[in-house]
Structure formats: C-alpha cells, structure tokens
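Trainee: Could you go through this structure with me, one question at a time?

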Amino acid sequence: MKTSNPVLSRLGQAAERERAAGYAPVGYGQPGYGTPYPTTDYPAAPPTVRPMTVDDVVVKTVALLGILGVSATAAWVLIPDSLAGAAWIGGAMIGLVLGLIISFSRMAHPALVVAYAVFEGVFVGMVSKAYESFYDGIVLQAVTATFGVFFLMAILYKIRAIRATPRFVRGVIAAMVGLFAVMMINLVLSLFDINTGLRDGSPLAIGFSLVCIVVASLSFILSFHEVEEGVRMGLPQRYSWVASFGILVSLVWLYLEILRLISYFQGDD
C-alpha cells in the first residue's frame, strides 16, 4: 500500500490498523481488490466497515457545499454591517484552525469537517457581501468561473491530460506551501501599513492572483488523485470526509482568488 502522498500514507496506515484489529472493509482481500485470491491475513469476522467509493466523496462534497452555501447566505442576510468585520475575522480564524486540525489529524473527523464548512461559509458570505457592495454581479461571475474551472480540471484528469505523478504532487504541494507562506507574510506586513503590492490591483497583484488561481486549479488534481488512490487502497468509508474536505478547501481558495481578480478589472468602472 504505497503512495507518494503523505496524507494518504497516514490514512493508509490507519486503515491497516483497523484491519489488523479485525475491522476489515467489505471486499478487502477478495478477488478484484488487488489480490488474485481471498487472503486469510485478517480475522474472518463479519465485516463492519465498508470501503469508500467515488460516490461517497461526491455525496459528501455536495453536502459540504450545501452547508457552506447555507451558512454563507445566512451570514450575508442575518449579520448586520456593524458586526461584519468581527464575523469576517472570526469565521476566517476558526476556519483556519479547524482546517489545520483536520489536515494534520491522523483520523477522519466528520464533525470537524462539517464545522469547518459552517465557519468557512460565514467567512465566504461576508467577503462576498463586501465585494458585491462595490461590484454588482461579481459574486455570480466568480461562482460560475470557479465551477467552470473545477469541471475543466475534472475532465483533464479523467482523460489523463494531467497526471498526478510523484514529481507533480511534490511540485504542487511545494507551491501551495510557498504561496500560503507569502500570503501570511503579506497579511502581517499589511497590519503595519506596509504595502507589498501583492493585493492592491497593480500588475504585480494581478500576476500573483493568476499564479494562485493556477495552483488552486492544479490542487484539484491532487484531490482527484487522493480519491482514486483512497478507493484503490480500500480506505474505510468515513475517510471520504477527508477527501471531500480537500476538494472544498480548493474550491473556496479558487473562488476567493477569482473574486479578487475580477475586482481588479472592475475597479475603474
């Protein structure tokens, strides 16, 4: 059970521990699941854990998007302008903490993933409301572009136009970590009124947003690969929450970057 993805490696180890404890997923070790004949390496007790499927990930991703959408809409409508800043910062900080916990955890926590969708929805809702107040129709444009990019990347992955090779995975992960570090440094500097030019609508800012959009788009390839590998490795069904979480994070990041980029071009209207 080898994979170049460190998250999948941890999940695979967790699945191995469950099987060793006697909780082999349905069909594991059966013909068609990577072995030519039934194995007897694990207890013969009735299976209690079903392996994840692509459908599991799709259903949970749609559910998380629905939760995020409802949360964003509720925040947009119910939170008064006087509390917008607090809601914006609170949603962003809580979402970041939950996201880090989920990312570095060795187990799948559905409750944490759902909580992340709720708080991230508050953040996205308040950000969207702020942009919409300055640029009419920008939210619909950003949402349409985001899902357009998502489906395009799904097609490219499906036809193997883009492959998640070990080098590709390492490169995208390195780019994501680098961009996150740059954005955090830029945020800290902005608190001291230091303008780096990365978020002010300048040509440098446009270029930076384009780089972020490209990397966010490529991160979907990692997510699709994780789903494919997770199914192949026979991970338990609940780990589909982890895969869905990865897709949700990429969608939110891509949406926010597209929203910002569109605003740059509408700034003079």
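Below, we talk about a helix pair and a salt bridge.

Mentor: Welcome! This is a predicted model, in which local features need pLDDT of at least 70, side-chain atom pairs count only at pLDDT 80 or more, and totals for chains, interfaces and linings use all residues. Residues are numbered from 1 along each chain as its sequence is written, and side-chain values use heavy atoms, leaving out hydrogens and water.

Trainee: How are α4 and α8 oriented to each other?

Mentor: Helices here are DSSP runs (H or I, at least four residues), numbered from the N terminus. Helix α4 covers residues 110–134 and helix α8 residues 240–266, and they pack at about 10° with axes 11 Å apart. Axes are lines fitted to C-alpha atoms over the stretch in contact, and angles run from 0 to 180 degrees between N-to-C directions. Angles under 35 degrees count as roughly parallel, so α4 and α8 are roughly parallel.

Trainee: How many residues of the contact of α4 with α8 are nonpolar?

Mentor: Contact means heavy atoms within 4.5 Å. Among the residues making it are Phe123 and Tyr131 of α4, and Trp241 and Leu256 of α8. Ala, Val, Leu, Ile, Met, Phe, Trp, Tyr, Cys and Pro count as nonpolar, Asp, Glu, Lys and Arg as charged, and the others, Gly among them, as polar. The contact has 2 polar and 2 charged residues, and the nonpolar ones number 17.

Trainee: Which side chain meets Asp81 in a salt bridge?

Mentor: A salt bridge puts a side-chain nitrogen of Lys or Arg within 4 Å of a carboxyl oxygen of Asp or Glu; the structure holds 5. Asp81 lies in the loop between α2 and α3, and its partner sits 48 residues apart, in helix α4. At 3.3 Å, N to O, that partner is Lys129.

Conventions:
Helix = DSSP H or I, 4+ residues; strand = E, 2+ residues; numbered from the N terminus. Parallel < 35°, antiparallel > 145°, perpendicular 65-115°, else oblique.
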